[in-house]
Amino acid sequence: MVKLRISSAELVARARGEIEEIETPDAIEMLGNPNLVVVDIRDIRERQRKGYIPGSIHCPRGMIEFWVDPESPYFKDVFGQADKSFLFHCESGWRSALTLRTLQEMGFQACHLKDGFSSWKAEGGPVAFSEMKSDK
């Protein structure tokens, strides 16, 4: 077995020390804010199987750096709205923590749902299963 210099858990812990994390009850309260964009970075199959936060947009984790960069040919206008706040999430908060650390390094300001969608559901946050919003 290959010995890694740093584990994925250590990477997440480092990222969490450098980014803004939002607790689930606070995120649930934020949901009605018209200036909030909730970004789901989970795999599309997770979204379909487990549901999603109503009004959230889906952005595959593998594309996020390109979608937020105005100089990228893959840039999405939703990420260029200076009057919006962005809340990213995954299932447990690990992928979104790593994503936020990268976006912060790029100069994109956002926060993430600390304990992810699983906590959102457990704490009674609204969940939708119908047709999803895609990137705009």
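Reader: Across which strands does helix α5 lie, and at what angle does it run to β5?

Author: Helices (H or I, at least four residues) and strands (E, at least two) are DSSP runs, numbered from the N terminus. Axes are lines fitted to C-alpha atoms, for helices over the stretch in contact, contact meaning heavy atoms within 4.5 Å; angles run from 0 to 180 degrees between N-to-C directions. Here helix α5 (residues 94-106) lies across β4 and β5, and runs at about 180° to β5. This is a predicted model, in which local features need pLDDT of at least 70 and side-chain atom pairs count only at pLDDT 80 or more, whereas totals for chains, interfaces and linings use all residues. Residues are numbered from 1 along each chain as its sequence is written, and side-chain values use heavy atoms, with hydrogens and water left out.

Reader: Which residues of α5 are buried?

Author: Buried means under 20% relative accessible area, exposed over 50%, and partly exposed in between (1.4 Å probe, protein chains only). In α5 the buried residues are S96, A97, T99, L100 and L103. They cover an arc of only 165° around the axis, so they are on the same side of α5; the arc is that of the directions from the helix axis to the C-beta atoms. An α-helix has 3.6 residues a turn, so residues three or four places apart point the same way. The cover over the buried residues of α5 includes α1 (8-16), α4 (64-68), β4 and β5.

Reader: What is the strand order of the sheet?

Author: Two strands pair if DSSP finds at least two bridges between them. The open sheet of 5 strands has the order β1-β5-β4-β2-β3, with parallel pairing. Because β1 (21-22) and β3 (57-58) stand at the edges with a single partner strand each, one side of each is left without a neighbour in the sheet. Strands β4 (residues 85-89) and β5 (residues 111-113) run parallel and are joined by 2 bridges, with F88 opposite H112 in β5. β2 pairs with β4 over 5 bridges, where L36 stands opposite S85.

Reader: How many residues of strand β2 are buried?

Author: In a regular strand the side chains alternate between the two faces of the sheet. Strand β2 (residues 36-40) has 5 of its 5 residues buried: L36, V38 and D40 on one side, V37 and V39 on the other. Toward β3, β2 pairs in the parallel sense over 2 bridges, and D40 stands opposite H58. A right-handed β-α-β unit is formed by β2, helix α3 (residues 44-50) and β3; a crossover is right-handed if, with the strands pointing away from the viewer, the path from the first strand over the helix to the second runs clockwise.

Reader: Is D40 buried or exposed?

Author: D40 is buried, with a relative accessible area of 0%. Leaving aside neighbours within four places in sequence, D40 is in contact with R47, Y52, S56, I57, H58, C59 and H89.

Reader: Where does D115 lie?

Author: D115 lies in the loop between β5 and α6 (116-122), and counts as partly exposed at 33% relative accessibility. Its C-alpha atom is separated by 7.2 Å from that of E23, 92 residues apart along the chain.
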